[in-house]
Amino acid sequence: MSSADDHRFMARALQLAARGLYTTHPNPRVGCVLVREGQIIGEAWHQRAGQPHAEPLALQQAGSQAQGATAYVTLEPCSHFGRTPPCADALIAAGVARVVVAMQDPNPLVAGQGLQRLQQAGVEIVSGLMEAQARLINPGFITRMQSGLPYVRMKLAMSLDGRTAMQSGESQWITGPEARADVQCLRARSSAIISGIESVLLDDPQLTVRDPSLLGEAGILRQPLRVVLDSQLRIPLSAKLLAAEGPVIIVTTETADTRKVNALQDLGVEILPLPLRDGQLDLEALLRHLAQVHQCNEVLVETGARLAGSFVAQQWVNEIVIYMAPTLLGSDARPLIDLPLTQMSQQRRLHMTDLRQFGKDIRMTLQPVTES
């Protein structure tokens with residue numbers, strides 16, 4: 001049975017976990033609070049892969065006071081040796097009497113074994129407290145562990161009449177500075193950013209995090225992996241993203257021009273040849289590669305209408321974030337998503353999970369409605 005204090009201390013642990021939003025890749029974001037006689041005696045969050053997890057950091061703060069204390073942890077303490085020792089063993093050794101966890105770890109290497117080890121040592125366990133909130137902090141890690149795929153978030157910006165650019169391709173800027181600053185946050189929390197060659201040729205973007213407030217000690221520790229789908233290797237060697245900081249993958253066909261491949265590899269670019277599926281590069285193969293080889297948790301898709309339509313049509317999108325500006329671009333402007341539907345029965349319904357304003361623009365966060 002969970003008390004009001006249990007909820008209060010777990011809420012604090014969730015706040016701490018969120019501090020690792022931009023830094024823990026590929027690990028999950030985890031917070032821990034140690035409490036004795038109603039007082040917090042230690043608290044911490046996991047900051048980056050390879051460094052101590054939240055539990056041993058909090059135990060270090062608490063010292064000998066951890067004996068008989070309650071630990072509130074947003075994710076099941078690990079039970080295996082990775083880059084750091086098992087957190088479950090650390091809690092047992094410190095003499096913690098009770099452990100309250102928000103959710104079981106979806107990692108098959110843990111998956112209940114941490115809780116089992118604690119119970120076998122005589123520690124009282126409460127599991128599932130504020131689980132829904134805990135899941136919101138780690139959508140990518142959970143998705144990757146359960147499906148072998150990253151969590152795909154698509155970012156779009158449009159006018160009030162659902163247009164993204166003029167017919168010429170001119171698009172800067174539909175939205176205001178506040179909305180564009182929020183996009184920097186989406187990039188910073190993402191393991192990778194995916195775009196299409198059309199967007200690269202049109203806008204010549206860097207696809208990097210450039211907001212100074214998101215960089216440095218408290219911000220991101222690495223630029224997201226930039227991924228460009230380019231079946232004909234049309235990307236110019238002078239493209240800004242090739243010179244910008246951070247790794248780049250060019251996804252192309254298995255018969256791509258060898259000379260262009262070599263030239264790109266000389267620039268440090270990874271070339272990923274993939275088969276075609278229905279005349280298009282295989283998106284599922286790409287996503288599995290990002291999850292399994294690069295351990296990508298959250299992926300941000302920033303691209304034009306055609307590639308965006310392919311992701312939606314093939315149902316690879318977990319979340320859509322749309323920034324809508326109070327402006328009209330007209331009927332000749334480019335559409336939001338290229339999704340050629342002809343009947344009402346084909347419509348793709350979405351569930352809105354969040355709605356808020358950034359400057360003069362509105363941000364809508366939506367998820368596809370799963371067919372029952």
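In the predicted model, Glu319 counts as buried because its relative accessibility is 11%, which falls under the 20% cut-off. This residue is found in strand S15, which covers residues 319-324, and its side chain is joined to that of Arg153 by a polar contact of 2.7 Å. When residues up to four places away in sequence are set aside, Glu319 touches Tyr151, Val152, Arg153 and Met154, together with Thr365, Leu366, Gln367 and Pro368.

Strand S15 belongs to an open sheet of nine strands with mixed pairing, in which the order is S11-S10-S9-S8-S14-S6-S15-S18-S17. The edges of this sheet are strand S11 (270-274) and strand S17 (350-358), each of which pairs on one side only. Neighbouring strands are turned by 20° against each other on average, when direction is ignored. Within the sheet, strand S9 (residues 225-229) and strand S10 (residues 248-253) pair in the parallel sense over four bridges, and Leu229 has Val251 in S10 as its bridge partner. Helix H7 (residues 177-188) packs on the sheet, where it touches strand S6 (151-158), strand S8 (192-196), S14, S15, S17 and strand S18 (361-368), and the direction of H7 makes about 160° with that of S15.

With regard to confidence, the mean pLDDT of the chain is 91, and 96% of its residues reach 70 or more. Confidence is lowest in strand S7 (residues 163-165), at a mean of 85, whereas the highest value, 98, belongs to strand S14 (residues 298-301).

Terms used
Residues numbered from 1 in each chain as written. Predicted model: local features only at pLDDT ≥ 70, side-chain atom pairs only at ≥ 80, totals over all residues. Heavy atoms only, no water. pLDDT = per-residue confidence, 0-100. Helix = DSSP H or I, 4+ residues; strand = E, 2+ residues; numbered from the N terminus. Buried < 20%, exposed > 50% of the residue type's maximum accessible area, 1.4 Å probe, protein only. Polar contact = N/O pair within 3.5 Å; in protein donor to acceptor, adjacent residues only side chain to side chain. Contact = heavy atoms within 4.5 Å. Pairing = 2+ DSSP bridges. Axes fitted to C-alpha atoms, helices over the stretch in contact; angles between N-to-C directions.
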